[in-house]
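Here is a short report on charged and aromatic side chains. It starts with the terms, then moves through the contacts.

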Amino acid sequence: MEVWINKQSIPQYPLRYVMEATGVYHERLAYYLAGKGYAVSIVMPNKISNFFKTLEIKTITDKSMSFAIAMFGLEKKLDNWVQPKRVFRTLRQITREREQLIAERTMIKNQLHAEQSEAFPGEDTIRRMMDRIKMIGEQLKEILTEIRTAVAQDKHLKQTLATITTIPGVGLLTATVIIAETNGFELIRSKKQLTSYAGLDVREKESGSSVKGKPKISKRGNKHLRKAMHLPALAAIRHSERYKAIFVRIVSRNSVKMKATVAVQRKLLEMVYTIYKTNKPFEKDYLQQNAHISENS
């Protein structure tokens, strides 16, 4: 590959490798190229697809997409990809494993319920299912211990997570997932960029003046971040007046609870980013304090 690329490139012009973030399949190449000292940029697929629409290309093939990625790299000013710190890489691996185990346990529990509800349930089948559920539970405890150990060994990360978990609804596991999946917000420059990276940005579909679809979140981003924000949002709605007010306001406007919950997810994620950058804990009465200051100024 390098031999072919050297033949195609001009030595006096800097070379940059641009690739889509395709799950985990791009990572080995990114590590290899970065290790060789090359400039590497990894771009979210939604950015490439949006850019592709601006080109006068009607057929989508591997060749046309490669051309679009190359043009994107030439036209845009891209940041260099930064290799994740070892602790972030470790935490990302084990938090993703935990997510998979929870999904597997839920599936087996559903199968167990179905088996137990049959007219003639198989006792051996039920036993094996319960054994698998117990084994997964033990593995989840093991993973939690590994997460706590990894965090405890990094003093800065431990302090950072302690500050982030002052946010209502955000616990250690949620904060860990967010930090691990964003590589400590290494290439995140704004809240808008963060919500887009998570796929929590709102997309509106319009065609002329007669056709207008309902606004929806794009879901074209990091699915692990979106999953991590679901339960914390529900907890924040129950226990925080600030986030409960956001939820109630949106529900009263359109009566769609899921849309309001997603809005709280987005607000929570943005709050994590703010607290990470400022290193200041969550202030329960922040809005009231600002209002009081405004009245007296």
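## Terms and model

Helices (H or I, at least four residues) and strands (E, at least two) are DSSP runs, numbered from the N terminus. This is a predicted model: local features need pLDDT of at least 70, side-chain atom pairs count only at pLDDT 80 or more, and totals for chains, interfaces and linings use all residues. Residues are numbered from 1 along each chain as its sequence is written, and side-chain values use heavy atoms, with hydrogens and water left out.

## A positive patch

Lys191, Arg249, Arg253, Lys259 and Lys267 form a patch of positive charge on the surface. Patches are made of residues with over 30% relative accessible area and no salt bridge; like charges are joined within 9 Å, nonpolar side chains (Val, Leu, Ile, Met, Phe, Trp, Tyr) within 5 Å. Lys and Arg count as positive and Asp and Glu as negative, while His and the chain ends are not counted. A charge is placed at NZ of Lys, CZ of Arg, CG of Asp or CD of Glu. Accessible areas come from the Shrake-Rupley method with a 1.4 Å probe; for residues, only the protein chains shown count as cover.

Which helices supply at least two residues each of the positive patch? They are helix 11 (241-254) and helix 12 (257-278). Arginine 249 lies in helix 11. Arginine 249 is partly exposed, because its relative accessibility is 45%. Here buried means under 20% relative accessible area, exposed over 50%, and partly exposed in between (1.4 Å probe, protein chains only).

## Salt bridges

Side chains of opposite charge can pair when their charged atoms come close. A salt bridge is a side-chain nitrogen of Lys or Arg within 4 Å of a carboxyl oxygen of Asp or Glu. How many salt bridges does the whole structure hold? The search finds eight. One of them joins glutamate 99 and lysine 227, at 3.2 Å from N to O. Glutamate 99 sits in helix 5 (residues 86-116) and lysine 227 in helix 10 (residues 223-239), so the pair ties together parts 128 residues apart in sequence. Glutamate 99 is partly exposed at 22% relative accessibility.

Other bridges stay within one helix. Glutamate 241 and lysine 244 meet at 3.7 Å, N to O. They are three residues apart in helix 11, so about one helical turn separates them. Glutamate 241 is exposed at 59%, and lysine 244 is partly exposed at 30%. Salt bridges that share partners also join Asp124, Arg127 and Asp131 into one network. In the bridge between aspartate 124 and arginine 127, the closest N and O atoms are 3.8 Å apart. Both residues lie in helix 6 (residues 123-152), three residues apart.

## Aromatic pairs

Rings of Phe, Tyr and Trp (its six-membered ring) pair if their centres lie within 6.5 Å; planes under 30 degrees apart count as stacked, over 60 as edge-to-face and the rest as tilted. The whole structure holds six aromatic pairs. The rings of tyrosine 17 and tyrosine 38 have centres 5.1 Å apart and planes at 65°, so they pair edge-to-face. Tyrosine 17 is buried at 12%, whereas tyrosine 38 is partly exposed at 25%.

Phenylalanine 185 and tyrosine 273 are also edge-to-face, because their planes stand at 75°, with centres 5.3 Å apart. Phenylalanine 185 lies in the loop between helix 8 (172-181) and helix 9 (191-198), and tyrosine 273 in helix 12, 88 residues apart. Phenylalanine 185 is buried at 1%, and tyrosine 273 is buried at 9%. Ring pairs link Phe185, Tyr273 and Tyr276 into a cluster.
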